[in-house]
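Colleague: Hey, I've just opened this one and I'm new to it. Can you walk me through it?

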Amino acid sequence: ALFCIENEIKIIEKGPKLQTGKKLDFLIEIETQRILVEVITPKLKLDIIKKQVGCFPISGELENNIFVEFEHHEIAKNDIKQPFIIVIDPIYSGTDEINVTCAIEEYQKKFSQFSSFLAGILLMRPKRFNVMTSQEINGHQFIENPDSKQKINFPIQT
């Protein structure tokens, strides 16, 4: 919500209800384009958290987190027509642009029947890597899903 306010993005509805009765976090509008938004904080498996490791990949966990959101909110059953994005606050899990890009690629392979509904993921952290499928938006990173039916053009100054 703060990102929307700071970037003059209109919040149309908090908790918009889908056809099946499930709710997402926001319905926003950029220019004339309406976009459904779900905010998540990916969680790591307990056995990974307990291990004494310095570095490990999270993308495999992230693609499953995305799938759980699709399943829980019944995104495919609702056959949404407007773009749908997931917003991630990555501080807890250490997610970055490369993890998200890899997760989207794996998501497309594993869950291809749902992939076209996901327009992209907005990562709420300053850019650290130059990822070809992403754009920086006021210090945050939007990673597009190339297989999406819906494209988003953020007209926000970077």
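Colleague: Let's start with the largest pocket. Which helices and strands each supply at least two residues of its lining?

Modeller: Helix 1 (2–6), strand 2, strand 3 (33–40) and strand 4 each do that. Helices (H or I, at least four residues) and strands (E, at least two) are DSSP runs, numbered from the N terminus. Bear in mind that this is a predicted model: local features need pLDDT of at least 70, side-chain atom pairs count only at pLDDT 80 or more, and totals for chains, interfaces and linings use all residues. Residues are numbered from 1 along each chain as its sequence is written, and side-chain values use heavy atoms, with hydrogens and water left out.

Colleague: Which element gives the largest share of that lining?

Modeller: Helix 1, with four residues.

Colleague: And how much space lies in the largest pocket?

Modeller: About 210 Å³. The lining has 15 residues, and the closest to the pocket's centre are A1, F3, C4, V87 and M124. On a 1 Å grid over the protein atoms alone, a pocket is an open set of points with protein on both sides within 12 Å along at least five of seven lines, whereas a cavity is a set where a 1.4 Å probe fits but cannot get out; lining residues have an atom within 4 Å of a point. Grid points are joined across faces, edges and corners, and the volume is the space filled by probe spheres set on the points.

Colleague: How do the lining residues divide into nonpolar, polar and charged?

Modeller: 13 nonpolar, one polar and one charged. Ala, Val, Leu, Ile, Met, Phe, Trp, Tyr, Cys and Pro count as nonpolar, Asp, Glu, Lys and Arg as charged, and the others, Gly among them, as polar.

Colleague: You mentioned cavities. How many of 30 Å³ or more are there?

Modeller: The count comes to one, and the largest cavity has a volume of about 30 Å³. I80, K81, Q82, S116, F117, K149 and Q150 line it. By class, that lining has two nonpolar, three polar and two charged residues.

Colleague: OK, zooming out. How many helices and strands does the chain have?

Modeller: Six helices and seven strands. Along the sequence they follow the pattern α-β-β-β-α-α-α-β-α-α-β-β-β.

Colleague: In what order do the strands sit in the sheet?

Modeller: The order is 1-2-3-4-5-7-6, in an open sheet with mixed pairing. Two strands pair if DSSP finds at least two bridges between them. The edge strands are strand 1 (10–14) and strand 6 (134–137), each pairing on one side only. From one strand to the next, the twist averages 30°.

Colleague: In what sense do strand 1 and strand 2 pair?

Modeller: Antiparallel, over four bridges, with strand 2 covering residues 26–30. In that pairing K10 stands opposite E29 in strand 2.

Colleague: And which strands does helix 5 touch?

Modeller: Helix 5 (residues 97–110) packs on the sheet and touches strand 4 (84–88), strand 5 (118–123) and strand 7 (140–144). Its direction makes about 20° with that of strand 7. Axes are lines fitted to C-alpha atoms, for helices over the stretch in contact, and angles run from 0 to 180 degrees between N-to-C directions. Contact means heavy atoms within 4.5 Å.

Colleague: Switching to single residues. Is S115 buried or exposed?

Modeller: S115 is buried, because its relative accessible area is 2%. Buried means under 20%, exposed over 50%, and partly exposed in between (1.4 Å probe, protein chains only). S115 lies in helix 6 (residues 112–115). Leaving aside neighbours within four places in sequence, S115 contacts Y107, Q108, N145, D147 and S148.

Colleague: What share of the chain do buried residues make up?

Modeller: 47% of the 158 residues.

Colleague: Where does T20 lie?

Modeller: In the loop between strand 1 and strand 2. T20 is partly exposed, with a relative accessible area of 37%. Not counting residues up to four places away in sequence, T20 touches E74, K77 and N78.

Colleague: What about E74, where is that?

Modeller: E74 is in the loop between helix 3 (59–73) and helix 4 (75–78). Its phi is near 55°, a positive value in a residue other than glycine. Most residues other than glycine have a negative phi. E31, in the loop between strand 2 and strand 3, also has phi near 55°.
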